[in-house]
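Have a look at the model below, chain and RNA together. What follows is a quick walk through a few of its parts.

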Amino acid sequence: MKPKIVVISGVTASGKTALSILLAKRFNAEIISADSRQVYQGLDIGSAKITVDEMQGVPHHCLDIVDPAQNTRYSVGDFQRDAYAKIDEIIARGKLPMLVGGTGLYSRAVINGYGFDGQPNAPRYDVLQICLVPPNTILAPKVKQRNVERVEQGMFDETRNLLARGVNTDFLYKLGLEYRLNVRYLQGEINLETYYDELYHQTMQFIKRQRTWYRKENPALTHYLTEPTTYDSIASSLIKNFLHIDNHT
RNA sequence: GGCACGGUUGCUAAGUGGAAAAGCGAUGGUCUGCAAAACCGUUAUUGCGUCAGUUCGAUUCUGACCCGUGCCU
């Protein structure tokens, strides 16, 4: 019988972080971030990384595990390996592993047990995936507001510091969205107005791509939530049920 | 009031006497080692300000008119 894990995925700005903390505290879980940019140290504001305060004591894994100044490539395969290790540790501790993040490929690699290098796929866990996909009418204003807040929090300084620390321009550029635009802004290629405009549009386009991706998730394991005010109650009952069923199989 | 230029798809914008480029946006999709990345499809039902004329045929030529912008008295 495979161990159970809960996956919280979803579109940008859908509220994954806040929900994951509520659920983790309620179900005695530890969180593994499934985000391709939050694995890097120092990419905080631009990647919307959770702060220590926000963690409220819930242990988090797979954050800040790579030094971007090394300009090393961290790939899905690396993530799968690290996530497997953390999940197993958490299970050994008798707690519930909760994979949380918006990098669809990363979470899917764990859920489906992708076999890299031509190996066959071998799912290791029994999965319940809760996917947050609110409509754009809810997301759009949040994205706009969030962009302004992050700039005020010093997003440009953060990028400036990364560059000063020896992170390649190319490396940041390749990360897309925030970091790519930050670089372009700092280089004087675009003005602040264009910056906000592009960031907004590109983020909304990204959300569209994420939707396309999540639409294809295994329907047997995935539940889609579209209304933030009911995230907590629905997710809680889904998890309760999921963990309970476990005892009988 | 006069002169000049312009009026093309949601926006920007080419263009031709014989059934309207492109970019952006929008939208659908792809995805097994850089994935907030990298790609692909669709997107102006003879329609190109209005009306009339020339023509086998006009968005493309002519005239009038309407609208916008710049300049001038």
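In strand β3, His 60 is the bridge partner of Ile 31. This is a predicted model, in which local features need pLDDT of at least 70, side-chain atom pairs count only at pLDDT 80 or more, and totals for chains, interfaces and linings use all residues. Residues are numbered from 1 along each chain as its sequence is written, while chains are lettered from A and ligands numbered from 1 in the order in which they are written.

The strand names come from DSSP: helices (H or I, at least four residues) and strands (E, at least two) are DSSP runs, numbered from the N terminus. Strands count as paired if DSSP finds at least two bridges between them. β2 runs parallel to β3 (residues 60–61), with 2 bridges joining them. It's also parallel to β4 (residues 96–100), this time through 5 bridges, and there Ser 33 stands opposite Val 100. Is β2 enclosed or open? Largely enclosed by the rest of the structure, because 4 of its 5 residues are buried. Here "buried" means that 20 or more other C-beta atoms lie within 10 Å of a residue's own; "exposed" means 12 or fewer, and "partly exposed" is in between, with C-beta atoms placed from the backbone.

Now for helix α6 (residues 155–164), where Met 155, Glu 158, Thr 159 and Leu 162 are buried. Down the axis of α6, these buried residues fall within an arc of 95°, so they line one face of the helix. That arc is taken from the directions from the helix axis to the C-beta atoms. The face turned away from the buried side of α6 carries exposed Asn 161 and Ala 164. The cover over the buried residues of α6 includes α5 (136–152), α7 (169–174) and α8. After α6 comes Gly 166, with a positive phi near 105°.

| Residue | Phi | Loop |
|---|---|---|
| Ala 13 | about 65° | between β1 (4–10) and α1 (16–27) |
| Asn 28 | about 55° | between α1 and β2 (29–33) |

Ala 13 is buried, because 23 other C-beta atoms lie within 10 Å. Asn 28, with 11 C-beta neighbours inside 10 Å, counts as exposed.

Thr 226 sits in another loop, between β6 (222–225) and α10 (231–246). Why is Thr 226 partly exposed? Because it has 14 C-beta neighbours inside 10 Å. Leaving out residues up to four places away in sequence, Thr 226 touches Val 133, Pro 134 and Pro 135; contact means C-beta atoms, placed from the backbone, within 7 Å.

On to the RNA. α3 (76–92), α4 (104–111), α8 (177–186) and α9 (192–215) each supply at least two. By class, the surface near RNA strand B has 10 nonpolar, 14 polar and 11 charged residues.

The model scores ipTM 0.89 and pTM 0.91.

Technical notes:
Ala, Val, Leu, Ile, Met, Phe, Trp, Tyr, Cys and Pro count as nonpolar, Asp, Glu, Lys and Arg as charged, and the others, Gly among them, as polar. Two residues are in contact if their C-beta atoms, placed from the backbone, lie within 7 Å.
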